[in-house]
Amino acid sequence: MSTPPDNDAAYHDLAHIFSARHQDNRVLEIEILPPGLGPLLQDGDSIGITKKHLVQAFVTARRIFFDASYNASDFHDASDYEDLCKTPRDGHPVQRQRDDLLNATEIILLFDCEHLTACNWRKKRLAGLVKRYGSADADQIRREMLIRELDTELSLMTSYLCSPLHRHTKSPTLWNHRLMVLTRVLDVRNSELAESFSQREDKGLQEVIKKELSVVLRSGELHPRNYYAFNYVRQLLELLPETCEDTKDAAALRGCSVIHLVLDWCLAHPSDISGWMFTLYLLETVHDEQTRTDSIARVLRFAVDVGWEGESLWTFVDLAKRIPGAGTLTKDQQCRPPWDVFAAPFLSDAGPEKGWKAWLGRARAAWIAGHMADNRADG
């Protein structure tokens, strides 16, 4: 069945942008434009498209995808890449078919991030590539192609998850797909491809996780209380003992540097409970009591200084202090800010309030006492 010319034109506009992205593995920032603008604007890596233009492109992309998949149901097992490695020509029919399917699924997922059929096709395609070219006896050309394909898929997910789109930043389908791709990357890292991957990325495993964390934090900014994003990095950290041969690298991911990055984000978004709960998760996995105590002290100092009364922050403080060994203070430490506010004798009785309200009540009492002291000094 044919589609209207406007639909085909919209499809080719987006397909050209995605095809160009493949060449240098760029991350795009995509935004839906109001009807008065567009239909398609591009400024470098920033893309703006109207909803109508995207719908038109989706109609054609869906037709192309299902037509091609019906005619080449076994294509996603990567068997056709054998010929591509020998004769990589742009006019090759397998090359054209691959480009059509890749572009179609990218446009489909841009329109509908929960389109499981399109996402599963990409999963199966990558799994076929890893099965064929991730083996120890694969030659260098195939190894480099596999690395590039995995990198390209990660940058595509970054384009979706870090763009100001309505649903993509909190899409469980996209986050699960990214976890699968990164798991494949970690598997490659522990194989004979590790050397090539390290030369390409020029960074250790901890830097890879910091990069993933930056994607999560950006998504959290775009969509507050983004539990899907923080759950993704939780799952990734849980996978590390299984995928990492070096346990020291896995332990370092829960070190001070990562906690500081997350705390910076939480203090910039103190009302976002999802970020605080992820910070609590990190503190529970760190076995350094001093790191826990310093982290809680930093949060308390911020809350006391700015007069923060929001429930999310004080809930974190209450739960973090209950971690075994967290917040254990010497008498000398109890006299230092900000612990002196909460360790003072006249604040020891929290009254009938329990939990986070008790902590907030102590802070309020300290603020009142501070104001009274300032007034006496002025008088």
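Predicted model: local features only at pLDDT ≥ 70, side-chain atom pairs only at ≥ 80, totals over all residues.
Student: Which residues of α1 meet which residues of α6?

Tutor: From α1 you get F18, R21, H22, Q23 and D24, and their partners in α6 are R148, T152, S155, L156, S159 and Y160. "Meet" is a matter of contact, which means heavy atoms within 4.5 Å. The helix labels are DSSP runs numbered from the N terminus (H or I, at least four residues, for helices; E, at least two, for strands).

Student: Fine. What makes α1 oblique to α6?

Tutor: Their axes, which come within 10 Å, cross at roughly 130°. The axes are lines fitted to C-alpha atoms, for helices over the stretch in contact, and angles between N-to-C directions run from 0 to 180 degrees. Under 35 degrees counts as roughly parallel, over 145 as roughly antiparallel, 65 to 115 as roughly perpendicular, and the rest as oblique. Roughly 130° falls in that remainder, so α1 is oblique to α6.

Student: How is the crossing of α1 and α6 handed, and what is that contact made of by class?

Tutor: It's a right-handed crossing. Nonpolar here covers Ala, Val, Leu, Ile, Met, Phe, Trp, Tyr, Cys and Pro; Asp, Glu, Lys and Arg are charged; the others, Gly among them, are polar.

Student: Why are α5 and α6 called roughly antiparallel?

Tutor: The crossing angle is roughly 155°, with the axes coming within 10 Å. That angle belongs to the antiparallel band, so the label applies to α5 and α6. This crossing is left-handed. R122, R125, L126, L129, V130 and Y133 of α5 make the contact with R142, M145, L146, E149, L150, E153 and L156 of α6. The tally is eight nonpolar, no polar and five charged.

Student: Then what makes α13 and α15 roughly parallel?

Tutor: α13 (273-285) and α15 (311-321) pack at about 15°, axes 9 Å apart. That angle sits in the parallel band, so α13 and α15 get that name. Their crossing is right-handed. On the α13 side you have I273, W276, M277, T279, L280 and L283, facing S312, L313, F316, L319 and A320 of α15. Nine of the contact residues are nonpolar, two polar and none charged.

Student: Which residues have the most contacts inside the largest nonpolar core?

Tutor: F18, W276, F278 and W314, in a core of 101 residues. A nonpolar core is a set of buried Ala, Val, Leu, Ile, Met, Phe, Trp, Tyr and Cys residues joined through side-chain atoms within 4.5 Å. Helix α7 (172-189) supplies the largest share, nine residues. Skipping neighbours within four places in sequence, W276 contacts L263, C266, L267, H269, P270, V299, S312, L313 and F316.

Student: How do you know whether N103 is buried or exposed?

Tutor: By relative accessible area: buried is under 20%, exposed over 50%, and partly exposed in between (1.4 Å probe, protein chains only). N103 has 5%, so it counts as buried. N103 lies in α4, and beyond four places in sequence it touches Y11, A15, F18, S19 and H22.

Student: What about H115, buried or exposed?

Tutor: Its 12% is below the cut-off, so H115 is buried, although H115 is in the loop between α4 and α5. Its contacts, with the same exclusion of residues up to four places away, are F66, I108 and L109.

Student: And what makes R225 partly exposed?

Tutor: An accessible area of 47% lands in the middle class, so R225 is partly exposed. R225 sits in the loop between α9 and α10, and its phi is near 55°, positive in a residue other than glycine.

Definitions and conventions
Residues numbered from 1 in each chain as written. Heavy atoms only, no water. Left-handed = near helix turned anticlockwise from the far one by under 90°.
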